[in-house]
Structure formats: C-alpha cells, structure tokens
Amino acid sequence: MKEKILLETNRYAAQKNTNFVLSMTDLNTFNAILMLTGYHSLPRTRLFWEKEDDVGVAVVYEAMSRKNFEEIKRYIHFADNDNLDTSDKFAKVRKLYDVTNKTLQQFGFFHTYYSIDEQMVPYTGKNSSKQTIRTKSIRFGYKNFVLSSDDGYPYFLDPYCGAKYGGGKVSKNLCARSVLDCVTEIGDWSDKEVYFDNWFSSFSLLKVLKDQGIRATGTIRVDRLGKDLQINKKEIRHKERGSMECHYEENGISVTSWNDNGPVIIISNVHSDLPYTSVKRWNPSKKCYINIDRPNCITLYNKHMGGVDSLDAHVSVYRIDVSGKKWYWPRYISTLHVLISAAFKVFRLA
C-alpha cells in the first residue's frame, strides 16, 4: 500500500508542477503522526508544532516539520487522475481498498464464524455517496459493507457508492448483492458459517446461499418472507414472553419467531429452533428474574453476529483526529483504522 501511495502521490505532485517529492521515510513518519493523534488529541492539528509546553509535542515537531506534514496531506493520492474509471465514484480510492483487502486476507480465512454488517466512516462534507443512518452512533458519513470474523477481525471492505449495483440507480437486489459479493471472497465454505441482520436477509437470498453450499443465518423482516409465508408480528407481540414458533421448515431452510422484549424472526439454512437454551429475563408481574426458553438459531445469532460492531468499537477508542477537506481523506483514515485493528488482533493470536 505504501509503495502505491508513494508512486501516485509523486505522480500527482508532478502533474501539479511542484517540486514536492515524497520519500518512504516521510510517508512512514506521516502515518505515525496520524496514529499518534488517535490517543493524543489537540483542538487543532497545527498545535502539535507549537513550542508552548501545554500543547507542543516534541516527538512530532522533531520528526517532521509542519510544512512537510501539510504538503504530504495536500498531495497524498491513491490513483492516477489521468486514468480513472469514470463509471466508478470511488475510482480515486478503489485501488486503496483492493490492496487493503488483499492485505487483510494474506493469512487466509482462519475463522469459522463470520458476520456481514454496515460500517460508517465519519464524514460531514458534501458528497453524493454520503449516507445518513440515524440509528448508528456515526449518523453521517460513507458506508462500507464489511465481512469480519465473529471476534472482529476484518476480511473484506466493500465501499457503498449507491450506483454500483444498478447502472446509475440503486438496485432492488442491493441487499442480496452485497452479501454475495462478501461471501464470494471465501472460497471454501465447508466448515464456515455467516450471519447478517434483517437489512440483508430475504427468503430468496437464503435459498441462493443454500444452493451454493453456504451456511447462513439472519434476522428477517416479515415483508421479505414471500407471499406464501405470512407472519403477524402483532400477534407474536401479545403472546407470553418466551413463546416461540417454527413457521417454516423445508428444503433445509427454517423460519422461527420468538417473543422477547418484542418479536424476533430469524431465518437459517443450517440451524433450527432445537435444541432450546435457557435464558434469564425480568418478569414485571412477579418482580423477579425467570428462566425462559430461547431457540438455538437465535442463541447462535447473538453469539456470532457482532463482529463488525466489535471492530467499530475497537476503532472508535483510538480514532485518528486529523480532518481534511478532500472527500477521499476519511476513506484513507478508515483503512488505516481497519489495518491497525487487524494487526493488533493478529498480534494477540501470536
């Protein structure tokens, strides 16, 4: 990745007719300063080079001048502007993601359980690919589809740009397509399983995955079950807490509902509701905890689904605190975050 950045940054600087030349040593120092801002934050980046005792950071201004740091930030590039794919909104960072994914997969897929979920990259500027998801902790920014292990090791990042799946319009099959793009990265599914939430799930997707030999489980919305299978969530909500029902079990696919705080509907092409597990829940009428049964598929879903959330939590602790005006700057920062987290998890395995 650094060799690619070095090549394209110097090419871009030459296109701008400047005398700026980036060396590998300077790029390493630049990235090190970025990482340092994740745990040593100041109100403004320039304060790192101030000489006052309460703001200046000697390890920063002794390693690199402020002018050099700002020049690297101004000219850093990841693709040749003269040879961009005009049909790809993220052509400027596409190769950056390709190299990142290759790096993340260099040791192979060494986990058994995987999850697919959305990841938000903070960005508040103007860009046609910026998303607003009010239920996320990061409400405004770019969206990635991420394939990770159940303990948060990332394997594949797929940046969402809106027009990727529909020739200029968002395809109705976007949810299924994003899952299929992720699972295609893993060649052998003989001993692996994947989990995803109701944004991705549909009955037709689980059938396709079943036909491909991919074992999958996910929560599902009632309007994606198809016309032949109707489930009334209001009726489930009014049942006793802990009540469950297997609504469909055929051709290796099962659909199970369970009433917890609210109705939960889950679909799987590998697991069913059996065997039940016992969980504690608060009973308001008895004013004590009681044991209720929970379907096996929901137990496994809760255990293995939170990989991407674990990755986001790990990233958020030491998030790089250097902003930029260019729309692709947050993309570069987010790949650094993911690679740092992945490196730490590999280190913990050693």
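Modeller: What follows starts with the rings, then turns to the pockets and the backbone. Keep in mind that this is a predicted model.

Start with the count. There are 26 aromatic pairs. Take Trp-49 and Phe-69. Their ring centres lie 5.1 Å apart and their planes meet at 50 degrees, so this pair is tilted. The two residues are 20 apart in the chain, and the pair links distant parts of it. Trp-49 is in the loop between α2 (24-36) and α3 (58-61), while Phe-69 is in helix α4. Both Trp-49 and Phe-69 are buried.

Now take Tyr-153 and Tyr-155. The centres of these rings are 4.8 Å apart, with the planes at 70 degrees, so the pair is edge-to-face. The cut-off for that class is over 60 degrees. Tyr-153 has a relative accessible area of 3%, so it is buried. Tyr-155 is buried too, with a value of 0%.

Some rings join up into a cluster. Ring pairs link Phe-30, Phe-48, Trp-49, Phe-69, Phe-78, Phe-90, Tyr-123, Tyr-142, Trp-327, Tyr-328, Trp-329 and Tyr-332. Trp-49 and Phe-69, the tilted pair, are among the members of this cluster.

Two lysines also sit over rings. Lys-51 lies over the face of Tyr-61, at 3.8 Å from the ring centre. Lys-143 has its charged end over the ring of Tyr-160, 4.6 Å from the centre.

Next, the pockets. The largest pocket has a volume of about 600 Å³. Its lining has 27 residues. Those nearest the centre are Val-121, Pro-122, Tyr-123, Ile-138 and Arg-319. Tyr-123 is also a member of the ring cluster. Elements giving two or more residues to this lining are β1 (113-122), α10 (307-317) and α11 (329-349). The largest share, 6 residues, comes from α11. By class, the lining holds 12 nonpolar, 9 polar and 6 charged residues.

The second largest pocket has a volume of about 490 Å³. It is lined by 20 residues, and Glu-70, Lys-73, Ser-323, Gly-324 and Lys-325 are the closest to its centre. Helix α4 (residues 66-75) gives the most to this lining, with 5 residues.

Last, the backbone. Most residues other than glycine have a negative phi, and most peptide bonds are trans.

The peptide bond from Leu-274 to Pro-275 is cis, with omega near -5 degrees. Pro-275 is in the loop between β9 (263-268) and β10 (277-283). Asn-296 touches both Leu-274 and Pro-275, along with His-271, Ser-272 and Asp-273, leaving aside residues up to four places away in sequence. Asn-296 belongs to helix α9 (residues 296-304). Its relative accessibility is 14%, so Asn-296 counts as buried.

Asn-17 is not a glycine, yet has a positive phi of about 60 degrees. It is in the loop between α1 (2-15) and α2. At 71% relative accessibility, Asn-17 counts as exposed. Lys-287, also not a glycine, has a positive phi of about 55 degrees. This residue lies in the loop between β10 and β11 (288-294). Lys-287 is exposed, with a relative accessible area of 65%.

Conventions. Residues are numbered from 1 along each chain as its sequence is written. This is a predicted model: local features need pLDDT of at least 70, side-chain atom pairs count only at pLDDT 80 or more; totals for chains, interfaces and linings use all residues. Side-chain values use heavy atoms; hydrogens and water are left out. Helices (H or I, at least four residues) and strands (E, at least two) are DSSP runs, numbered from the N terminus. Buried means under 20% relative accessible area, exposed over 50%, partly exposed in between (1.4 Å probe, protein chains only). Contact means heavy atoms within 4.5 Å. On a 1 Å grid over the protein atoms alone, a cavity is a set of points where a 1.4 Å probe fits but cannot get out, and a pocket is an open set with protein on both sides within 12 Å along at least five of seven lines; lining residues have an atom within 4 Å of a point. Grid points are joined across faces, edges and corners, and a volume is the space filled by probe spheres set on the points. Ala, Val, Leu, Ile, Met, Phe, Trp, Tyr, Cys and Pro count as nonpolar, Asp, Glu, Lys and Arg as charged, and the others, Gly among them, as polar. Rings of Phe, Tyr and Trp (its six-membered ring) pair if their centres lie within 6.5 Å; planes under 30 degrees apart count as stacked, over 60 as edge-to-face and the rest as tilted. A charge sits over a ring if NZ of Lys or CZ of Arg is within 6 Å of the ring centre and within 35 degrees of the ring normal.
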